[in-house]
Every structure is written in C-alpha cells, then in structure tokens.
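Reader: Hey, can you walk me through this one? I'd like to ask things as they come up.

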Amino acid sequence: FRFRILKNGQITGLTLQKTSKDSSFDQITMECAQSVPILPPLPEAYSKNFLDVEFTFSFDPEQKSGTQ
C-alpha cells in the first residue's frame with residue numbers, strides 16, 4: 001500500500017501497489033487501512049506539508065497463530 005499523510009494527519013491517496021493474488025486478503029487489508037480516520041499531526045519541526053508512506057502486509061496461511 002501507498003498513501004500520503006498531510007501535515008494535519010489526514011490520510012490521502014491510499015492505493016494498493018501490488019496484489020497478493022488473493023482478492024479477499026487484498027480487500028481486508030484495504031479496509032483495515034481505510035479504517036484509520038486520521039493520524040496525529042506531523043511534528044511542527046517536519047518541514048514538508050506531507051509524508052509519503054509505503055508498507056507491506058504479510059500473510060502466511062501455513063503459520064499457526066501465535067508462532068514466529
């Protein structure tokens with residue numbers, strides 16, 4: 001996923017960068033990311049008006065819950 005955090009903490013431009021090839025997983029992770037209404041404002045010392053962020057969800061269906 002990629003998105004932009006504005007100076008006031010608002011999230012914009014949420015996009016899926018690469019599909020997992022599992023549409024249910026893609027949908028659930030998108031809904032999870034969209035459920036964050038707003039983040040805390042960026043620090044005043046941060047000089048730009050936005051922060052671009054990219055992150056990856058990982059899922060291993062073979063891994064048992066609570067194990068590493």
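Reader: Is Phe3 buried or exposed?

Author: Phe3 is buried, with a relative accessible area of 11%. Buried means under 20% relative accessible area, exposed means over 50%, and partly exposed is in between, using a 1.4 Å probe and protein chains only.

Reader: Before we go on, what kind of model is this?

Author: It's a predicted model, where local features need pLDDT of at least 70, side-chain atom pairs count only at pLDDT 80 or more, and totals for chains, interfaces and linings use all residues. Residues are numbered from 1 along each chain as its sequence is written, and side-chain values use heavy atoms, with hydrogens and water left out.

Reader: Ok, back to Phe3. Which way do the side chains point along strand S1?

Author: They alternate along S1, which covers residues 2–6. Strands here are DSSP runs of E with at least two residues, helices are runs of H or I with at least four, and both are numbered from the N terminus.

Reader: Which strands pair with S1?

Author: S2 (residues 11–15) pairs with S1 in the antiparallel sense over 3 bridges. S3 (residues 50–54) pairs with S1 too, also antiparallel, over 5 bridges. To count as a pair, two strands need at least two bridges found by DSSP.

Reader: What's between S1 and S2?

Author: They form a hairpin with 4 residues between them, and Gly9 in the turn has a positive phi of about 100 degrees.

Reader: New topic: how many aromatic pairs are there?

Author: The count is 2. Rings of Phe, Tyr and Trp (its six-membered ring) pair if their centres lie within 6.5 Å; planes under 30 degrees apart are stacked, over 60 edge-to-face, and the rest tilted. Phe1 and Phe55 have ring centres 5.6 Å apart and planes at 25 degrees, so that pair is stacked.

Reader: Where do those two lie?

Author: Phe1 is in the segment before S1 and Phe55 is in the segment after S3, so the pair ties together parts that are 54 residues apart in sequence. Phe1 is buried at 7% relative accessibility, while Phe55 is partly exposed at 27%.

Reader: Why is the pair of Phe3 and Phe55 called edge-to-face?

Author: Because their planes are at 75 degrees, with the ring centres 5.7 Å apart. Phe1, Phe3 and Phe55 are linked into a cluster by ring pairs.

Reader: What sits over the ring of Phe50?

Author: The charged end of Arg4, 3.6 Å from the ring centre. The rule is that NZ of Lys or CZ of Arg is within 6 Å of the ring centre and within 35 degrees of the ring normal.
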